[in-house]
Amino acid sequence: MLSFRELLDTDVPVICGFPRTPAELFYMFPSAQWPLAAGRLMASAAERCESTVVVCGGTIAGYANFIHCTPGHCCSIGNVIVNPQVRRQGVGTYLIRTMIRKAFEGYDARAVRLRCFHANLPGIRLYETLGFRRTGAIPRQCPGGCIAPVYEFELRREGAGYPSCLRASA
């Protein structure tokens, strides 16, 4: 059974181990250096809000936060990652639905936004399945110097995707 709670200091070393490659870390936290240091994740969490951990049977299963949140307007989700040991088991869906609920119900946001690298196909599929729509793309420089497109997504509160995006899949 999945549940969520606030980030604890003791969670940080575990979450830092979730990115298995520099590319995974880049998708999760583009400005971080490989390997992810606990201090860097803690500093990011301190600057952001609603740092949220998903727990599955006592195992830390996922993490996300809001980069920023303006009550009555918009919340932007960031630092999304799922524990590699529990991927493809609904944790990502649960995590993003939790963040959507927090934005719409806790902050009365009119929209939830996020970004996803073009090569992160599982992430793109997840967000589109939950009703997010692409609203644009921006270039981002990769650690190796290449330029990668980052898609911008948005889920509108009054849009066709909400609240159906919060319902369990059939």
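I count two strands as paired if DSSP finds at least two bridges between them, and I take helices (H or I, at least four residues) and strands (E, at least two) as DSSP runs numbered from the N terminus. I am working on a predicted model, in which local features need pLDDT of at least 70 and side-chain atom pairs count only at pLDDT 80 or more, while totals for chains, interfaces and linings use all residues. Residues are numbered from 1 along each chain as its sequence is written, and side-chain values use heavy atoms, with hydrogens and water left out.

**Entry 1: strand pairing**

E2 and E3 run antiparallel and are joined by 6 bridges, and Val53 stands opposite Tyr63 in E3. I then followed E2 (residues 49-56) to E1 (residues 2-6), an antiparallel partner joined to E2 by 5 bridges, where Leu2 has Cys56 in E2 as its bridge partner.

**Entry 2: two asparagines**

I found Asn79 in strand E4 (residues 74-82), and its relative accessible area of 4% makes Asn79 buried (under 20% is buried, over 50% exposed and in between partly exposed, with a 1.4 Å probe and protein chains only). What does the side chain of Asn79 make a polar contact with? The partner is the side chain of Asn65, at 2.9 Å; a polar contact is a pair of N or O atoms within 3.5 Å, where within protein one must be able to donate a hydrogen and the other to accept it, and residues adjacent in sequence count only if both atoms are side-chain atoms. Leaving aside neighbours within four places in sequence, the residues in contact with Asn79 (heavy atoms within 4.5 Å) include Met28, Phe29, Ser44 and Arg48.

I placed Asn83 in the loop between E4 and H4, where Asn83 is buried at 6% relative accessibility. The side chain of Asn83 reaches the backbone oxygen of Ile60 at 2.9 Å.

**Entry 3: nonpolar cores**

I define a nonpolar core as a set of buried Ala, Val, Leu, Ile, Met, Phe, Trp, Tyr and Cys residues joined through side-chain atoms within 4.5 Å. The largest core has 31 residues, of which Phe66, Ile77, Ile96, Ile100, Tyr127 and Phe132 touch the most other members. H4 (91-106) is one of the elements that each supply at least two residues of this core, and the largest share, 7 residues, comes from H4. I also noted a second, separate core of 17 residues, with Met28, Phe29, Leu41 and Ile81 among them.

**Entry 4: rings**

My search of the whole structure gave 5 aromatic pairs, for which the ring centres of Phe, Tyr or Trp (its six-membered ring) must lie within 6.5 Å, with planes under 30 degrees apart counted as stacked, over 60 as edge-to-face and the rest as tilted. Tyr127 and Phe132 form an edge-to-face pair, 6.0 Å centre to centre with 70 degrees between the planes, and both are buried. Ring pairs also link Phe26, Tyr27 and Phe117 into a cluster.

I checked charges over rings as well, asking that NZ of Lys or CZ of Arg be within 6 Å of the ring centre and within 35 degrees of the ring normal. The charged end of Arg134 sits over the ring of Tyr151, 4.2 Å from its centre.
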